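Hi everyone, thanks for having me. Today I'd like to walk you through one structure, a piece at a time. Have a look at it first, and then we'll start with a question.

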Amino acid sequence: MRCKILISSLAFASVLMSTVAPAAMASSSDDAQLQALRREMQEMRREMQGQISTLKSRLAKSEAATATHQRGAYTQHASSGPVHRHIESGPTDPSVQFNEPATGASRIHLANAGTPTSDRGDITSWKSFRAATKSDENVHVGGMIIGFPKGRFTVASEDAAYGLSIGLAFHQDFGGFFNSGPRGKDARGAFNSFTSNMRRLRIPFTFRYKNWVAAVTPDFGANHNDGYVGLYEGNLNYTGLHNTILTVGYFQPRVTEEDSESSNDFFTLERPSITDMVRNIAAGDARFSVGALHYEKRWWIAGYFTGQEWGHRNASDMSSTYYGGGSGSTMDSQTGGTLRVAGRPVATKDWDVHMGASGISAFRLACNSTSANNCARSTSFGQRPEFDIGEANLAATGAIAGAKQVWAAGPELGVRWKRLIVKGEYYHVGVERQGANLKSAGFQGWYGSAAYTLFGNPRMYNEKEGAFGAPGVPEAQEFDPATNHWGALEVVGHYSVIDLNSRLGDAYKANVIRGGQQTVWTGGLNWYPNRHFRVMLDYSHFIVSRSEQATNIEGRTGNSVAARIQAGF
């Protein structure tokens, strides 16, 4: 209907110019200005006729396709193709082109099956980027491509050599705790009965020249509490090698299966405690990294040399709880590395089997000055009960002095059968210490998760991430009660444990670390009305044995209910 109105308007303007121009010129045929006006209006008329022709052609194709569909004429016989009606009223304007859907185009593949976009910069090869911009979600105007390949706004040159993409990762959390009060003389802690937090507000900018890609993603929700603005990533990538991404800059190194997933794909609101703890040893968000990842259909590998986190040497960041807290007295920054290897021995329509292992190490911890010529190296671990809305840590080690190196390693396993996915990981964490009578410390943790898609496309394996993606909502199944379409819905749950106790029976007090053991049971529902939006609802029950935190001297249990509204582009 809009096309018909536009065509009518353009046609009326064209007729009007054709009648007004001769009248104006009749009054003074020798007037140079009127001659110039006539030439200009004729040129405008030709341009408008071209646009009218283009729009009429597109309208005719659309009407023909609609009529064919209504007659039920879609058939597999080659002789019964759709009938097209061609309308011609002037030369076609080459600067206005519309990409029509390719015959037989399918949206069932993972890349366009209605799965959520990533919360990161879209780092793809030039070849893949060109293929994405050929989808039916773009328009060619004056030698430029403008559209939404993979659901993300993109402007690119005609050959896709130059490109700029802008995305969004919006996670608004709200909820609270109940029956979670302290025992005895424990401090109450920040366990709100109801509160809210902008968990993530990332705007990924991706700048491209052929196979060179720069990703810059500020995060306006970069903390456990509202009001802190940070950087999620700022890096340079080269993608010219087959299925390989070389990266340098501030980045989130991919380590553990959970951390390799986009946060838009999580089963529950937060990662299991052990994977969040492990990744922050020498990876995590906005970590300086130099390395690469490579993926194939059956295997995946990534390794990075890492340094400090963004802002870690900035004294103004000392109160931050997101990037571990900065220090203006750092004399020697941390260095470390990560390695993750994963395989996919079974990959069929109904089955996927994922196996892998991750290792991470801080070879040398940051040296913070205690005097002009001396420094101290220490580390610490602590985790919230998997509801990241500003609450206090219950399981925490406190500062571990004399820390020389920190490392973690463990296996990962995942199985998909049709609409059901079950996965889990285990990690052991070691702290090597130096100093008189000091012994190494050891911690551990594990989790098991399950998800079942009730309706919509089930979770599938994402080869590029070496992990499982979120359910998909094809365009034909997007939420629309009038046509009995409801998007996708899945039920999820996990069991998570971290043990932060070490050498509790040691005679030397400095070797005794009582960080407590935390167990969290979580169940929830995730609803996807379409590929860009999600609503999550989680219930959690946590049990934490006593630690040396003021909020948990005698042990603590509690419950939380949390919701998230999510948008991703």
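Here is the question: is N243 buried, partly exposed or exposed? N243 is partly exposed, because its relative accessible area is 22%. Let me give you the cut-offs: buried means under 20% relative accessible area, exposed means over 50%, and partly exposed is in between, using a 1.4 Å probe and protein chains only.

Before going on, a word on what we are looking at. This is a predicted model, where local features need pLDDT of at least 70 and side-chain atom pairs count only at pLDDT 80 or more, while totals for chains, interfaces and linings use all residues. Residues are numbered from 1 along each chain as its sequence is written, and side-chain values use heavy atoms, with hydrogens and water left out.

Back to N243, which sits in the loop between β10 (230-238) and β11. When I say helix or strand, I mean DSSP runs numbered from the N terminus: H or I with at least four residues for helices, E with at least two for strands. The phi of N243 is positive, near 50 degrees, and N243 is not a glycine. Most residues other than glycine have a negative phi. T256 is another non-glycine residue with a positive phi, about 75 degrees. You'll find T256 in the loop between β11 and α4 (257-260). T256 is buried, since its relative accessible area is 0%.

Now to a helix. Why is α5, residues 273-282, described as largely enclosed by the rest of the structure? Because eight of its 10 residues are buried. Among them are I274, M277, V278 and I281. After α5 comes G284, with a positive phi near 80 degrees.

Next, aromatic rings. Rings of Phe, Tyr and Trp (for Trp, the six-membered ring) pair if their centres lie within 6.5 Å; planes under 30 degrees apart are stacked, over 60 edge-to-face, and the rest tilted. The whole structure has 17 aromatic pairs. Take F177 and F191: their ring centres are 5.1 Å apart and their planes are at 80 degrees, so this pair is edge-to-face. F177 is in strand β6 (residues 169-178) and F191 in the loop between β6 and β7 (195-202), 14 residues apart. F177 is buried, with a relative accessible area of 7%, and F191 is buried as well, at 4%. For a tilted pair, look at F251 and Y304, whose centres are 5.3 Å apart with planes at 45 degrees. F251 belongs to strand β11 (residues 244-251) and Y304 to strand β13 (residues 299-309), so the pair ties together parts 53 residues apart in sequence. Both F251 and Y304 are buried. Going back to F177 and F191, ring pairs link them with F387 and F542 into a cluster.

Let's turn to charges. Side chains of opposite charge can pair when their charged atoms come close. We call it a salt bridge if a side-chain nitrogen of Lys or Arg is within 4 Å of a carboxyl oxygen of Asp or Glu. By this rule the count is 27 salt bridges. In one of them, D388 meets R199 at 3.1 Å, N to O. D388 lies in the loop between β20 (382-383) and β21 (395-396), and R199 lies in strand β7, so this bridge ties together parts 189 residues apart in sequence. D388 and R199 are both buried. Another bridge joins D352 and R344, with the closest N and O atoms 2.8 Å apart. These two, D352 and R344, are buried too.

Finally, the surface. Which residues form a nonpolar patch there? They include W351, W417, V422, F455 and W486, and the whole patch has about 1000 Å² of accessible area together. The rule for patches is over 30% relative accessible area and no salt bridge, with like charges joined within 9 Å and nonpolar side chains (Val, Leu, Ile, Met, Phe, Trp, Tyr) within 5 Å. The areas come from the Shrake-Rupley method with a 1.4 Å probe; for residues, only the protein chains shown count as cover. The elements giving two or more residues to this patch are β24 (420-433) and β25 (441-455). β25 provides the largest share, three residues. V422, in strand β24, is partly exposed, with a relative accessible area of 43%.
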